[in-house]
Amino acid sequence: MAPTITALQYYGPKDVRLERVLSRPCHPDEVRVQIAYCGICGSDIHEYLGGPIFSPPAGEKNPYTGAELPVTLGHEMSGTIVEIGSSVSDPKLQIGTRVAVNPALNDRHHGVAPCTACQLGLPNICKRYTSYGFSAAGGGLASEIVVKHFACIPLPYSVSLKVGALMEPLAVAWHCIRVSGFQKGQTALILGAGPIGLAILMLLRVWGAKTVVISELTASRKQMAKEFGADVIVDPTESTNPNEGLDPVVVATQEAVRADGADVTFECTGLQTTLDTAMAATRPGGVVFNVAIHEKPLMVNLNDVTLGERRLTGGICYTEEDFRGLIAALQAGKVNAEKMITSVVDLEDVIDKGLLELIHNKAAHVKILVKPNQARPSRL
C-alpha cells in the first residue's frame with residue numbers, strides 16, 4: 001500500500017481540508033524534508049478568502065509544474081532531510097541536515113533555458129515563476145515535502161528550526177532593504193507594522209539605520225513596533241500638529257529625521273493614502289520603495305517623482321544573496337527573530353487556530369507557526 005502524509009489541501013475560496021494524501025516519490029535530484037514548522041503568510045489568507053490567486057484556477061493546470069487543485073498550502077517552512085535522491089552530491093545535504101526551504105521555483109527547477117530575468121541573476125522575477133505551497137507539488141502545511149535539492153538552505157547549528165521557518169519572510173524583508181539601496185547611517189520610514197513591515201524594521205537595525213519611523217493604526221502592532229526597535233511610532237489618524245491639513249506621518253518623520261523626509265520609505269500597506277504619504281514623507285532625492293501587493297491600481301502623480309528627483313521602485317521575493325546575508329546576520333546574533341512568533345499550533349488545528357485566527361484576530365499576531373505531528377506516514 002502507498003504511504004500517505006497529512007496535508008492542508010486548498011480546493012478553492014474558503015474550502016481547505018486537512019487530508020491524508022499520497023506521499024510523493026523522491027526523484028534523483030530531490031530530497032525529502034520532514035517538516036518541523038511552517039509559517040502562515042498573508043498570501044495564504046488571501047488565497048483562502050478570495051483565490052485562487054497564486055494557485056491554478058479550478059479545472060486548469062499550472063503550465064510549468066502541472067500542479068492543479070487541490071494544492072497543499074504553506075511556503076514558509078523548515079525541517080530535516082530524511083531522504084536524498086540518487087544524483088544529489090552536495091556534501092552540505094545529508095540525512096539529518098536541518099534546512100529551510102526556498103519555495104520559489106524558476107527556470108532551473110523547470111529544466112528549461114533561462115529567461116531574461118534568470119540570465120540577469122534575477123530568478124525571483126522569472127517569467128515562469130511558481131512556488132511550493134501554491135503552484136507546485138507539495139507545500140509546508142504538511143508532515144513532509146519533496147523538493148529540488150537546491151531549494152534547501154542548510155541551517156547553522158545556532159539557528160533553530162523555528163527561526164528556519166521565518167527565513168522566507170525575513171528574506172523578503174532583507175531583499176527589500178538591499179534592493180532599495182539603503183545605506184548604513186540613513187533614515188527610514190515604514191508604512192504599516194504587519195509581519196513584513198516589522199521584519200524590515202528589525203533588519204534595518206542590522207543594516208545600521210540611524211532613525212526608523214513607523215506608521216501604524218492598531219494598538220497591538222504599535223506595541224510590537226516599539227519592541228522591534230522603532231525610534232518613533234506615529235498613528236496616521238491622530239494629529240497633534242496645530243497646522244491643520246498636514247499629514248501627521250509627514251510631520252513626525254521630518255521632526256524625527258531632522259530633514260525634509262526619510263532617506264528611504266518602505267510602503268507596506270498598499271493603499272492610495274499611504275502611497276501619497278510615502279511620496280510626501282520622502283526627502284528630495286530619496287527612495288520610495290513599494291513592498292505591498294495591491295488589490296487595485298493606484299494613482300501616482302509623477303511630478304512628485306520628477307520635481308523631487310525621488311526614485312519610485314519595488315521588489316518581490318528574494319535571491320540566494322538575500323538568504324546568505326540573512327544567515328550571516330543570524331549567526332552573528334544580530335537578529336532576535338523568534339520574537340516574531342506569536343503562536344505555535346499543531347497541524348491538526350491549522351484551520352481554526354491558524355487561518356481563521358489570523359482572519360479574525362490578525363492584529364494580535366506577527367507570525368503563527370504550524371507544527372506537524374512527526375509520526376511516520378500511514379498507509380492508504
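Helices (H or I, at least four residues) and strands (E, at least two) are DSSP runs, numbered from the N terminus. The views below show a predicted model.

**View 1. Two cis peptide bonds, at Pro 52 and at Pro 70.**
The peptide bond that runs from Gly 51 to Pro 52 is cis, and its omega is near 0°. Pro 52 belongs to the loop between H1 and E4. Leu 69 and Pro 70 are likewise joined by a cis peptide bond, with omega about 0°. Pro 70 is found in the loop between H1 and E4.

**View 2. A tilted aromatic pair, Phe 54 and Phe 134.**
Searching the whole structure gives 4 aromatic pairs. One of them joins Phe 54 and Phe 134, with 5.2 Å centre to centre and 45° between the planes. Phe 54 is in the loop between helix H1 (42–50) and strand E4 (71–72), whereas Phe 134 is in the loop between strand E8 (130–131) and strand E9 (144–148). The two residues are 80 residues apart, and the pair links distant parts of the chain. How accessible is Phe 54? Its relative accessible area is 41%, so Phe 54 is classed as partly exposed. Phe 134 has a relative accessibility of 6% and therefore counts as buried.

**View 3. A tilted aromatic pair, Phe 266 and Phe 289.**
The ring centres of Phe 266 and Phe 289 lie 5.9 Å apart. Their planes are at 55°, so this pair is tilted; an angle under 30 degrees would count as stacked and one over 60 as edge-to-face. Phe 266 is part of strand E14 (residues 262–267), and Phe 289 is part of strand E15 (residues 282–290). This pair links distant parts of the chain, 23 residues apart. Are the two residues buried or exposed? Phe 266 is buried, at a relative accessible area of 0%. Phe 289 counts as buried because its relative accessibility is 0%.

**View 4. Charged side chains over the rings of Phe 150 and Phe 228.**
Arg 108 places its charged end over the ring of Phe 150, 3.8 Å from the ring's centre. Over the face of Phe 228 lies Lys 339, at 5.0 Å from the ring centre.

**View 5. The second largest pocket and its lining.**
The space in this second largest pocket is about 680 Å³. Its lining has 24 residues. Nearest the centre of the pocket lie Asn 102, Arg 108, Phe 150, Ile 153 and Glu 320. Helix H2 (107–110), strand E10 (152–154) and helix H11 (320–331) are the elements that give two or more residues to the lining. Which element supplies the largest share? H11 does, with 5 residues of the lining. By type, the lining residues are 11 nonpolar, 7 polar and 6 charged. Arg 108 and Phe 150, named above as lying nearest the centre of this pocket, are the two residues of the charge-over-ring contact at 3.8 Å.

**View 6. The open sheet E2-E1-E4.**
This sheet is open and has 3 strands, in the order E2-E1-E4, with antiparallel pairing. Its edge strands are strand E2 (15–22) and E4, each of which pairs on one side only. Strands of a sheet pair through backbone hydrogen bonds, either parallel or antiparallel. Strand E1 (residues 4–12) pairs with E2 in the antiparallel sense, over 8 bridges. One of the bridge partners in E2 is Asp 15, which faces Gly 12. Lys 14 lies in the loop between E1 and E2.

**View 7. Strand E5 pairs with strand E3 and with strand E6.**
Strand E3 (residues 30–39) and strand E5 (residues 76–84) are antiparallel and share 8 bridges. Within this pairing, Cys 38 is opposite Met 77 in E5. How many bridges does E5 form with strand E6 (residues 98–101)? The two strands pair over 3 bridges, in the antiparallel sense. Gly 79 is opposite Val 99 in E6.

**View 8. Two residues with positive phi, Lys 14 and Arg 258.**
Lys 14 is not a glycine, yet its phi is positive, about 55°. With a relative accessibility of 58%, Lys 14 counts as exposed, because the cut-off for exposed is over 50%. Arg 258, a residue other than glycine, has a positive phi near 55°. Arg 258 is found in the loop between helix H8 (248–257) and E14. Its relative accessible area is 79%, so Arg 258 is exposed.

Terms used: Residues numbered from 1 in each chain as written. Predicted model: local features only at pLDDT ≥ 70, side-chain atom pairs only at ≥ 80, totals over all residues. Heavy atoms only, no water. Phe/Tyr/Trp six-rings, centres within 6.5 Å; stacked < 30°, edge-to-face > 60°. Buried < 20%, exposed > 50% of the residue type's maximum accessible area, 1.4 Å probe, protein only. Lys NZ or Arg CZ within 6 Å of the ring centre and 35° of its normal. 1 Å grid on protein atoms, 1.4 Å probe; cavity = no way out; pocket = protein on both sides within 12 Å on 5 of 7 lines; lining within 4 Å. Points joined across faces, edges and corners; volume = space filled by probe spheres on them. Nonpolar A, V, L, I, M, F, W, Y, C, P; charged D, E, K, R; others polar. Pairing = 2+ DSSP bridges.
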